[in-house]
Amino acid sequence: MSQPLPYLREQTAGQPNYLHPDYRSTVKRSPSQPLLVIPHTLSEVTGPVYGHSRIGPLDADLTRQHEGEPLGERIVVSGRVLDENGRPVPNTLVEVWQCNAAGRYIHARDQHPAPLDPNFTGAGRVVTDENGEYRFITIKPGAYPWKNHHNAWRPAHIHFSLLGPSFITRLVTQMYFPGDPLFAFDPIFNSVTDPKAAARMISRFDMESTVPEWALGYKFDIVLRGREATPMED
Amino acid sequence: MAETPSPKSPIPSAETLYVQTPSQTVGPFFHYALPYEAGPYLASERTEGEHITIEGRVTDGDGRPVDDALIEIWQANAHGRYNHPEDDQDKPLDEDFGGFGRVPTDEQGMYRFYTVKPGAVPGLHNEMQAPHINICILARGVLKRMATRLYFADEAEMNRVDPVLNLVPEERRSTLIAERLEGSTVYRLDISLQGENETVFFHI
């Protein structure tokens, strides 16, 4: 058995702390003890590998999962999944979920007074291709209120969940839209205190992937954890 | 038709830096997107090994159940081999076992998986690790994935020399060790996100 090639340790400066008191739910849900650094064994460098077979053809198009078309601004969200060595991460599962154009999730716990859209669920899945690329068609999510503090509103966002090639690479994040006026007020966005790091959660408008007469394009590249060193290739 | 005009001023492109994208909370609204029907069922009737259930309650710093967490597990098969290209051990794979599970906690904060007891896998430098299951916890109010492990109380011999358990201060080791409920095949491991009996979480 060869030794597993370790991953780079997490660059904590670009990541949120578990405790971010402005986001109230972290106060009782963040560990009080420091994390224990453990070695990268076979248990950490392996992880669930998904095949294409579980993904249906409509999973990547959130506008075609019902009889009619959802209301709102149709958009194309695409990008690349890379590792910290800049190499594409192919064949990895990307799952997304979001509220509708009015800012309402189909979830039972979202009871804010905005309409549900019978033609929009807001969940999608896709597997990256050999170049690490993915593409979704959806509608632009709305902003919505939450109860974290008085007059609290979440900037428009799409939730992203990625598995990557190992247990280490698991990442859940949120994609934001450029120029959102709510950034300055949102404790979840601002839990990433380094502005350069926070900027990496913001998609960019992209004319290349904009489809004429049909939908605006937004690009969102995602970087997963990478290896310490490049393995020797024969 | 006219060409698309060039942008009037250069659009600043995000700095290309290959650093992990910042993590964000999974939030309270993932239930219609991430859980899937087979999520709690890792083992089928044909899966080799001892069929077990693992379960436990997730609680917060006030001891209240966390009813909106998502628990994921990743484990080796009964022979101690991971179903992954990087595990090149000379042990059999089980075509009826993937090793990944995912389940949301219920209203009481409980999670439950139906699986098989994993075999032992090597650590670094060919030392053996005690059988264990890797756990990932996501929840509203949890800004980054939390990672921990489940060990088995009835593997005391191996637990005593496990290289990861030995990094854990002795008084906290019990937070990682699931007890087998008497006369059953159920192992229980509660997960405390904070406070008394706080689970040991890993930096991986």
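The scale I used calls a residue buried if 20 or more other C-beta atoms lie within 10 Å of its own, exposed if 12 or fewer, and partly exposed in between, with C-beta atoms placed from the backbone.

**Conventions.** I note that this is a predicted model, in which local features need pLDDT of at least 70 and side-chain atom pairs count only at pLDDT 80 or more, while totals for chains, interfaces and linings use all residues. Residues are numbered from 1 along each chain as its sequence is written, and chains are lettered from A and ligands numbered from 1 in the order in which they are written.

**Positive phi.** Most residues other than glycine have a negative phi. I found that B:Asn197, not a glycine, has a positive phi of about 55°. B:Asn197 sits in the loop between strand 9 (191-192) and strand 10 (202-203) of chain B; helices (H or I, at least four residues) and strands (E, at least two) are DSSP runs, numbered from the N terminus. I also noted A:Glu213, likewise not a glycine, with a positive phi of about 65°. A:Glu213 lies in the loop between strand 10 (204-205) and strand 11 (216-219) of chain A, and it counts as exposed because it has 4 C-beta neighbours inside 10 Å.

**Sheet of chain A.** I traced an open sheet of four strands in the order 4-3-8-9, paired antiparallel; two strands pair if DSSP finds at least two bridges between them. Strand 4 and strand 9 of chain A are the edge strands, each pairing on one side only. Strand 3 is joined to strand 4 by five bridges, and A:Glu95 stands opposite A:Arg125 in strand 4. Four bridges join strand 3 to strand 8, where A:Phe160 is the bridge partner of A:Val96. Four of the five residues of strand 4 (residues 123-127) are buried, so this strand is largely enclosed by the rest of the structure.

**Between the chains.** I recorded 72 residues from chain A and 62 residues from chain B in the contact, two residues being in contact if their C-beta atoms, placed from the backbone, lie within 7 Å. Among the elements of chain A that each supply at least two residues are strand 1 (36-37) and helix 1 (42-45). Strand 1 of chain A pairs with strand 10 of chain B in the parallel sense over two bridges. In this pairing I located A:Leu36 opposite B:Phe202.
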